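Hi,

Here is the structure for you to look over. My notes follow below it.

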Amino acid sequence: MVNSKTISKIIESNLLAASPSKLALELGYAGRATLNRLRNCMAGEEAIKEFCHRVVEIIGLHKDDIETVGRLIDLKEEFTCQMQSEKGELSPSLKLKIAYSFIEDDYAVFSDQYRQLSLNKWLLLKGHESEMFFYMLALFLLEDETGSFYRKERDIEEKYQRVLMPLQKHLEERYPRHTIGNGLSTELLDTPLAKLAYPCFLTAIRLGGILLKGYVSDYSDAENHDLIIKIQGLPDRSFWDEGEDRKEITFLKYVPVNDRGNGYYEYFHYNLQTGKTLNEVRLYFYGERNMGFFLKKERKLMFGHYFFDGENLKVELKPQRDLTLEYTWKRLLPENSRQVREVDRLFTDSYLNNVTYESMGLQLSCGILVTEVLVTKTRVILITAERDRYSVSRDKFNWLRNITPDNLPVIYRDVYESRIYAEWKEFGGRIPLDEFTKTSKAK
């Protein structure tokens, strides 16, 4: 059973509501008396059980996570206390420097004494409980934003944007070429976690932790941030045998991201019996051995290793610290297989593009086609085939500053949200069309 001190800390933290009185209201208490007794550790066992039940049913926090939240608060308080003892007053810029040191594994910002006596606890937490560590680090960075988050007259996405966008911009500026982190940064608010009906600051902290962790590499060489590569000897399009029953074919399509040879692979799964194709994964390869495996719907990145001998591709993934998943694929040549030749003809760029969106619950045929992009000093303007104009401020997202007239977005409907988006795949960013300003038809 959760103890009274944990409940008291959760109530005082404002992680679940703007204030204890607001939390009492959200949880359906007739007044503040019960919450006040819980805050002061004066409530009985039944009151604690009822509080936990309401948190689970109304806020959606899993019952097993309530103690975890209490531990998160304790860790943040201890971390803050240590940082204040080590560095003195903690300004926002100094907090960011501390966070960067843990992202980069470069702890020169700390004194020799601190590194020798105290740092190891946090390195162990980062190594063995990385999610907890980065949630704690996010709370350390963002805890002063609770008032901003809970302001009225904002929808769910605006609440999260208000808190997370400044952190996103700092990270993108610090790591401009970190493809994985920056890609996650632009997609973070599209995750199921960010669509919860009851927004609370704890969810913003969890999203912030996911964002911070996305910039961490398992590799000691910081230059690997720039080295997502094309595998030597592997063509832009390749087919692979998956499984002994030969019911499925794996298809890898190389997508370059710059002219230096950096790029990633889109992973397509084709079922020979049903004719269905899915694209739920993206693969990143680093150097001769390391790789990342990005699950698109879950927005989850796993790291691992790969081995390629020209014919077989062996992949070892580590979704968890004590778990390794192994896959071995044999390369299939179209000239040796009629089925592969048929699939090769089917997999046109247009077909694969549709599969990529549909696999994520997105619908391209929404009746809107952008034919021209205009860029002014302050706005990006989309002109459609129907000559409608949609404009958005270039300051809305950092990456919009890089848009040129040659960058036509794809317009699609998110089936799960019933909302239409404009997406620039090359920049890893999308914007709801209803957040653009629609003006009169262009002449």
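How are H6 and H11 oriented to each other? First, the ground rules. This is a predicted model, where local features need pLDDT of at least 70, side-chain atom pairs count only at pLDDT 80 or more, and totals for chains, interfaces and linings use all residues. Residues are numbered from 1 along each chain as its sequence is written, and side-chain values use heavy atoms, without hydrogens and water.

Now the helices. Helix H6 covers residues 92–104 and helix H11 covers residues 156–174 (helices are DSSP runs of H or I with at least four residues, strands are E runs of at least two, numbered from the N terminus). Their axes lie 12 Å apart, and they pack at an angle of about 55° (axes are lines fitted to C-alpha atoms, for helices over the stretch in contact; angles run from 0 to 180 degrees between N-to-C directions). H6 and H11 are therefore oblique to each other (under 35 degrees is roughly parallel, over 145 roughly antiparallel, 65 to 115 roughly perpendicular, the rest oblique).

H6 contributes Leu96, Tyr100, Ile103 and Glu104 to the contact (heavy atoms within 4.5 Å). H11 contributes Leu167, His170, Leu171 and Arg174.

Next, the sheet. It is open, with 4 strands in the order E10-E11-E12-E16 and antiparallel pairing (two strands pair if DSSP finds at least two bridges between them). Strands E10 (370–375) and E16 (437–439) are the edges, each pairing on one side only. Neighbouring strands are turned by 25° against each other on average, direction ignored.

E12 (residues 389–393) pairs with E16 over 3 bridges, in the antiparallel sense. Arginine 389 stands opposite threonine 439 in E16.

Best wishes
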